[in-house]
Amino acid sequence: MKKAILMLILLVMLTGCSLPGLSSTTKDTIKIGALGTSESYILAEMLAIMIERETDAGTELVTHLGSSIVQHQGMMRGDLDITSTRYTGTDLSGALGMDPVTDPDEALSIVTREFQDRFNQTWGPTYGFENSYSVAVTEEFAQENNIETISDLEPFADDLRFGVDNAWVNRKGDGYDGFQETYYSFGEIFPMNIGLVYQAAAAGSMDVVLAYSSDGRIKEFDLVVLEDDRRFFPPYDASPVIANETLEKHPEILDILEKLHNKISTEKMQELNYNADVELMNPRKVAEDFLESNNYFMNEGKGGQ
Amino acid sequence: METLEQFISYVSNNGGYIWVQFYRHFLMAAYGVLFAAIISIPLGILISKYGKLSSWVLAFGSIIQTIPALGAMAVIMIVLGLGANTAIFTLMLYSILPITQNTYVGMKNVDKNIIEAGYASGMTKFQLLRMVELPLAISVIMAGLRTAIVIGIGVAAIGAFVGAGGLGAIILTGTNATDGTAIILAGAIPTALMAIAADVIMGWIERKLQPVKSSKTRTT
């Protein structure tokens, strides 16, 4: 009995110091938020590695957040100091509640300005890739019929089966209704879970699919993304977002972000996502390999692509 | 078979990562149950003394138990924010009922004659509690803790949704991969093993604490 009481007291004492082993709530820990996607996770790991290399701060990852809105709220509450991936199109309509803008540069300048003014957060320099909705067909089909843009597909559209993400069909603005107005209608449309879309196209069950442009599975299943020649889909350029307070404490972070600026093309991101989603590599390993192969961007201006 | 190979290669490549998440997962469950015990054991003792409270407290505990863990976690997240604390608080809520209930039952089951004997020999209420009632009830209380920690390990797996990490994060990573069964298993198997191990260890402690049923306690 005495032993049990002693143990309990010991445990209580242990927990007294802010849950050891869990939340290292020292002042110099930078909390990096990431979405549930591999992409977001990989970039969060990259930021963590770079920050730990170049500053004296530690990092902690908060991963698998449900949506951009959750990321945004985490930032607003101070639970997060950095969010690894934010997309211009998503946050324009999500966090900012504004109308979609089709010009990528304009969208970027709006979010940069508004995040600074409204939330006291810095919209970091873009990574160089975008994760937008895009229309994809099999490589075979594209070569046979010499298709490069979405418009090229129009003559065939009536006979094609279009596999799409459930969430996309009813989206206002950039959903199927808007798509039909800007382009044309497909013969048949099949809404399904996004995970099935790529496989459906590869298996020949679908002729055309709506894909996420940086998804590694585009590569795995030999799909080709068609150019959005009428600029229907809003831009989803990816950037990190940092709380200004954190930047004041660690101004070096801005240099780190500058180093990553435009270093990851959409193709590169597809490759990295492929490593995580298909090769089942750990995001941390993917991030490490990428940074290592680029010498951690020590000599600015070189490396990457 | 292919899944098995993938599983083995994933585990061997990411052993360190899985271990870190395992440890984190265990700590979350342990803290949650510990905090719940700090609240629930005194609460259970209290309601065993004041019978009128018991139905209310136990009903309240049952109501908490019926809320889906994910929903509760989402609501708690609004107050506590992202991270492990939210997960710990949620699984603490789910641990309150089993611990309180077992403490209550354990205390109620203590033979009235023994208490009277203790009272007659001049023990104070506190001495009675510490030297007679608690030692006799401890194994039942431990059974409550055992249930609580097994539930807690399960709830902690959902903590990944609020950014708490743990083995649930590995499972979620697996659901995002194209053919992520191997990764899902790498998260799910350790979770199950942890629950089984916790159950076995707590069961062992429970038996060790079983009051000795010798003639000493059965004199009447």
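Helix α2 (residues 38–54) of chain A packs against α13(A) at an angle of about 100°, with the axes 9 Å apart. Here an axis is a line fitted to C-alpha atoms, for helices over the stretch in contact, and angles run from 0 to 180 degrees between N-to-C directions. Helices (H or I, at least four residues) and strands (E, at least two) are DSSP runs, numbered from the N terminus.

Which residues of α2(A) and α13(A) make the contact? From α2(A) come A:S38, A:E39 and A:I42, and from α13(A) come A:M269, A:L272, A:N273, A:A276 and A:D277. Two residues are in contact if their C-beta atoms, placed from the backbone, lie within 7 Å. Sorted by class, the contact of α2(A) with α13(A) has four nonpolar, two polar and two charged residues. Ala, Val, Leu, Ile, Met, Phe, Trp, Tyr, Cys and Pro count as nonpolar, Asp, Glu, Lys and Arg as charged, and the others, Gly among them, as polar.

## How to read this model

This is a predicted model, in which local features need pLDDT of at least 70 and side-chain atom pairs count only at pLDDT 80 or more, while totals for chains, interfaces and linings use all residues. Residues are numbered from 1 along each chain as its sequence is written, and chains are lettered from A and ligands numbered from 1 in the order in which they are written.

## The two domains of chain A

Chain A is assigned domain 1 (25–130 + 236–297) and domain 2 (133–225); such bounds come from an automatic or database domain assignment. The C-alpha centres of domain 1 of chain A and domain 2 of chain A are 28 Å apart. Where they touch, domain 1 of chain A contributes twelve residues and domain 2 of chain A contributes ten.

Now helix α13 comes back into the picture. On the side of domain 1 of chain A that touches domain 2 of chain A, helix α13 (residues 266–277) of chain A gives the most, with seven residues. That side of domain 1 of chain A divides into five nonpolar, three polar and four charged residues.

## One sheet, then another

Strands of a sheet pair through backbone hydrogen bonds, either parallel or antiparallel. One open sheet in chain A has five strands in the order β2-β1-β3-β10-β4, with mixed pairing; two strands pair if DSSP finds at least two bridges between them. At its edges stand β2 and β4 (121–123) of chain A, each with a single partner strand, so one side of each has no neighbour in the sheet. From one strand to the next, the twist averages 25°. Strand β3 (residues 82–87) of chain A runs antiparallel to strand β10 (residues 238–243) of chain A, joined by four bridges, and A:I82 has A:I242 as its bridge partner in β10(A). Helix α5 (residues 104–119) of chain A packs on this sheet, where α5 touches β4 and β10 of chain A and makes about 175° with the direction of β4(A).

Another open sheet of five strands in chain A has the order β7-β6-β8-β5-β9, also with mixed pairing. Its edge strands are β7 and β9 (223–225) of chain A, each pairing on one side only. Neighbouring strands of this sheet are turned by 35° against each other on average, direction ignored. Strand β6 (residues 161–165) of chain A runs parallel to strand β7 (residues 188–192) of chain A over five bridges, with A:G163 partnered by A:F190 in β7(A). β6(A) also pairs in the parallel sense with strand β8 (residues 208–212) of chain A, over two bridges. Helix α9 (residues 194–202) of chain A lies across β5, β6, β7, β8 and β9 of chain A, at about 135° to β8(A).

What does chain B consist of, helices or strands? Chain B has nine helices and zero strands, and its C-alpha atoms fill a box of roughly 70 × 40 × 20 Å along the principal axes.

The contact between the chains takes 26 residues from chain A and 29 residues from chain B. On the side of chain A that touches chain B, β2(A) gives the most, with four residues. That side of chain A is made up of nine nonpolar, eleven polar and six charged residues.
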